[in-house]
Amino acid sequence: MEYQEIFTEILKKMDDYKDSGSPASYIPELRDVDPSKFGVHLITNTNENYSIGDSEEKFSIQSISKVLSLVMAYKLEDEDLWKRVGVEPSGTPFNSLVQLEYDQGIPRNPFINAGALVVCDVLVEHLENPKEEFLNFVRSLSGNSALEYCSRIAESEKSTGYRNASLINLMKDLGNIRNDIDTVLDFYFNLCSIEMTCSELARTFLFLASYGKDPITNEKFLSSSKSKRINAVMQLCGFYDEAGEFSFKVGLPGKSGVGGGIVAILPNQYSIAVWSPRLNKKGNSSKGMKFLELFTSETESSIF
């Protein structure tokens, strides 16, 4: 398929698209990102690469990293993981305290903030050096040994992370956090701080488009059964309180982040990453979602 031509045609169609959102304002280091940036990169299971726009500029992947921490935790805990975190869409904002208290400290899914904090707690419990081991895992997935945490962004998030501190304290009180709160929070803020380009992000998620095995290196990162379930959670819960809208319009498993990134996969075919910093009211890249809607319609490629 001529993906390069399709990218160009879609952007022409979007010439009159009015992106009324704005970058995430509650994290100081994300607030001042150039809102006009836009990049796309697609990599196929046969290692063909297509890109347009600012696809080689790094941005903060934020909550997209929660998929990768979930993969690590699922490998370590197997099905016991789901006793501490659910797999249902939240139906409320990603940082809701009300829902968490109602559910007695068991987060609805691993991608809302409370769920990701539980996943971090699992990794802190199992790993001797969680930050180092997680970063090495992401490097192995991306094929880029130079990837790093961004201390500037991590510190920026810590400075305004009062709601996350409230979530983890509530879960600690309800018995669903087992380790030191400050250690878990520090790990959480760092994993959200990782910066990637669209090309690096698409490459990192390619294993989920091939049932847990990197189709380029043939390295097996996850069983096909677990890969299926990770993709299912992305489909159901990957876009905060807008997962149904993304499934309805785009039709791919994916995950967004408040840095403006979106990654999505089509099993057996490709991984695609889009970056546009302006967010809609639900915290997702508005232009990124529109591009992917047009892309899957034009290519007739979705899981449905």
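1. Helices (H or I, at least four residues) and strands (E, at least two) are taken here as DSSP runs, numbered from the N terminus. The model is a predicted one, in which local features need pLDDT of at least 70 and side-chain atom pairs count only at pLDDT 80 or more, while totals for chains, interfaces and linings use all residues. Residues are numbered from 1 along each chain as its sequence is written, and side-chain values use heavy atoms, with hydrogens and water left out.

2. Grid points are joined across faces, edges and corners, and a volume is the space filled by probe spheres set on the points. The largest pocket holds about 290 Å³ of space. It is lined by 18 residues, of which Tyr17, Glu242, Asn280, Ser286 and Met289 are the closest to its centre.

3. Which helices contribute at least two residues each to the lining of the largest pocket? They are helix 12 (243–249) and helix 13 (286–299), and helix 13 gives the most, with four residues. Counting Ala, Val, Leu, Ile, Met, Phe, Trp, Tyr, Cys and Pro as nonpolar, Asp, Glu, Lys and Arg as charged, and the others, Gly among them, as polar, the lining of this pocket divides into four nonpolar, five polar and nine charged residues.

4. The largest cavity has about 60 Å³ of space, and among the 13 residues that line the largest cavity, Ser96, Gln99, Leu100, Ile112 and Ala114 are the closest to its centre. By class, the lining of the largest cavity comprises eight nonpolar, three polar and two charged residues.

5. Gln99 belongs to helix 4 (residues 97–102). Is Gln99 buried or exposed? With buried meaning under 20% relative accessible area, exposed over 50% and partly exposed in between (1.4 Å probe, protein chains only), Gln99 counts as buried because its relative accessibility is 9%. Where contact means heavy atoms within 4.5 Å, and with neighbours within four places in sequence left aside, Gln99 is in contact with Ser90, Thr92, Arg108 and Ile112.

6. The second largest cavity has a volume of about 40 Å³, and its lining consists of Ser90, Asn109, Phe111, Ile112, Cys237 and Tyr240. That lining has four nonpolar, two polar and no charged residues.

7. On the annotation: an unreviewed UniProt entry places the feature "binding site" at Ser63, Asn113, Glu157, Asn164, Tyr188, Tyr240 and Val258. Of these residues, Tyr240 is included in the lining of the second largest cavity. UniProt positions are given in the numbering used here, feature names are shortened, and annotations may be inferred rather than shown by experiment.

8. Asn164, in helix 8 (residues 162–173), is buried because its relative accessible area is 10%. Tyr188, in helix 9 (residues 181–192), is likewise buried, with a relative accessible area of 3%.

9. Val258 sits in the loop between strand 5 (254–256) and strand 6 (261–266), and Val258 counts as buried at 6% relative accessibility. Residues up to four places away in sequence not counted, Val258 touches Ala24, Tyr26, Ile27, Leu30, Gln62, Tyr240, Leu279 and Gly283.

10. In helix 11 (residues 224–237), the buried residues are Lys226, Ser227, Ile230, Asn231, Val233, Met234, Gln235 and Cys237. These buried residues pack against helix 3 (65–77), helix 12, strand 5 and strand 6.

11. On backbone angles: Gln104, a residue other than glycine, has a positive phi near 55°; Gln104 lies in the loop between helix 4 and helix 5 (113–126) and is exposed, with a relative accessible area of 53%. Glu300, which is not a glycine, has a positive phi of about 55°; Glu300 falls in the segment after helix 13 and is exposed, at a relative accessible area of 74%.

Technical notes
On a 1 Å grid over the protein atoms alone, a cavity is a set of points where a 1.4 Å probe fits but cannot get out, and a pocket is an open set with protein on both sides within 12 Å along at least five of seven lines; lining residues have an atom within 4 Å of a point.
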